[in-house]
Amino acid sequence: PLNVLVRGEEGITAWQRVRGRPFSQLLLCYAEQVLYKLPSKGPLGQPDGNTGAEWLDGTFLGYQRSNRTYRVLKPNGDMVHARSINRLPDQNC
């Protein structure tokens with residue numbers, strides 16, 4: 001968070017200085033409860049069939065910088081990489 005929030009003397013953040021663009025992902029608290037979206041295609045896309053939920057509960061663990069995904073812990077203890085997440089209301093960090 002320090003490299004994406006704190007601005008230097010020239011008015012840009014360290015993230016923006018290195019990558020040439022501002023940080024565009026959601027800023028979340030560690031271990032915040034979120035909803036993550038399943039992939040639309042592939043073997044992990046529809047575990048409950050085509051009438052199953054598209055969004056599942058999880059716990060935010062961090063960011064995967066190499067491919068711009070979020071690390072999310074599923075309730076069963078498995079970690080997944082999600083491209084899209086939603087915050088749940090009334091989160092106190």
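The model is predicted, so please hear every value as computed from predicted coordinates.

I will start with the overall layout. The protein has 93 residues, and 23% of them are buried. There are 2 helices and 5 strands. Read from the N terminus, the order of elements is α-α-β-β-β-β-β. Taking contacts between residues at least 6 apart in sequence, 43% join residues at least 24 apart.

Now the sheet. The 5 strands make an open sheet, in the order E4-E3-E2-E1-E5, with antiparallel pairing. E4 and strand E5, residues 85-87, are the edge strands, each pairing on one side only. On average, neighbouring strands of this sheet are turned by 50 degrees against each other, direction ignored.

Going through the pairings, E1 and E2 are antiparallel over 5 bridges. Lysine 37 has tryptophan 55 in E2 as its bridge partner. E2 and E3 are also antiparallel, over 5 bridges. Here tyrosine 63 stands opposite tyrosine 70 in E3, a pair I will return to. E3 and E4 are antiparallel over 4 bridges, and valine 72 stands opposite valine 80 in E4.

Two hairpins belong to this part. The hairpin of E2 and E3 has 4 residues between the strands, and arginine 68 in the turn has a positive phi of about 55 degrees. In the hairpin of E3 and E4 there are 5 residues between the strands, and glycine 77 takes a positive phi near 100 degrees.

Next, the core. Which residues make up the largest nonpolar core? There are 10: Leu28, Val34, Tyr36, Leu38, Phe60, Tyr70, Val72, Val80, Ala82 and Ile85. Strand E1 (33-37), strand E3 (69-73) and strand E4 (79-82) are the elements that give two or more residues to this core.

Valine 72 counts as buried because its relative accessibility is 0%, where the cut-off is under 20%. Apart from neighbours within four places in sequence, valine 72 is in contact with Val34, Tyr36, Gly58, Thr59, Asp78, Met79, Val80, Ala82 and Ile85. One of these, alanine 82, is 10 residues away from valine 72 in sequence and 6.9 Å away in space, C-alpha to C-alpha. Looking from the other end, and not counting residues up to four places away in sequence, alanine 82 touches Tyr36, Lys37, Thr69, Tyr70 and Val72.

Is threonine 59 buried or exposed? Threonine 59 is buried, since its relative accessible area is 16%. Leaving out neighbours within four places in sequence, threonine 59 is in contact with Ala31, Glu32, Gln33, Arg71, Val72 and Leu73.

Phenylalanine 60 and tyrosine 63 form an edge-to-face pair, with 5.2 Å centre to centre and 65 degrees between the planes. Tyrosine 63 and tyrosine 70 form a tilted pair, with 5.7 Å centre to centre and 50 degrees between the planes. Phe60, Tyr63 and Tyr70 form one aromatic cluster.

Phenylalanine 60 is buried, with a relative accessible area of 3%. Tyrosine 70 is buried too, at 7%. Tyrosine 63 counts as partly exposed, because its relative accessibility is 23% and the buried class ends under 20%.

Arginine 19 lies over the face of tryptophan 15, at 3.7 Å from the ring centre.

Terms used. Residues are numbered from 1 along each chain as its sequence is written. This is a predicted model: local features need pLDDT of at least 70, side-chain atom pairs count only at pLDDT 80 or more; totals for chains, interfaces and linings use all residues. Side-chain values use heavy atoms; hydrogens and water are left out. A nonpolar core is a set of buried Ala, Val, Leu, Ile, Met, Phe, Trp, Tyr and Cys residues joined through side-chain atoms within 4.5 Å. Buried means under 20% relative accessible area, exposed over 50%, partly exposed in between (1.4 Å probe, protein chains only). Contact means heavy atoms within 4.5 Å. Rings of Phe, Tyr and Trp (its six-membered ring) pair if their centres lie within 6.5 Å; planes under 30 degrees apart count as stacked, over 60 as edge-to-face and the rest as tilted. A charge sits over a ring if NZ of Lys or CZ of Arg is within 6 Å of the ring centre and within 35 degrees of the ring normal. Two strands pair if DSSP finds at least two bridges between them. Axes are lines fitted to C-alpha atoms, for helices over the stretch in contact, and angles run from 0 to 180 degrees between N-to-C directions.
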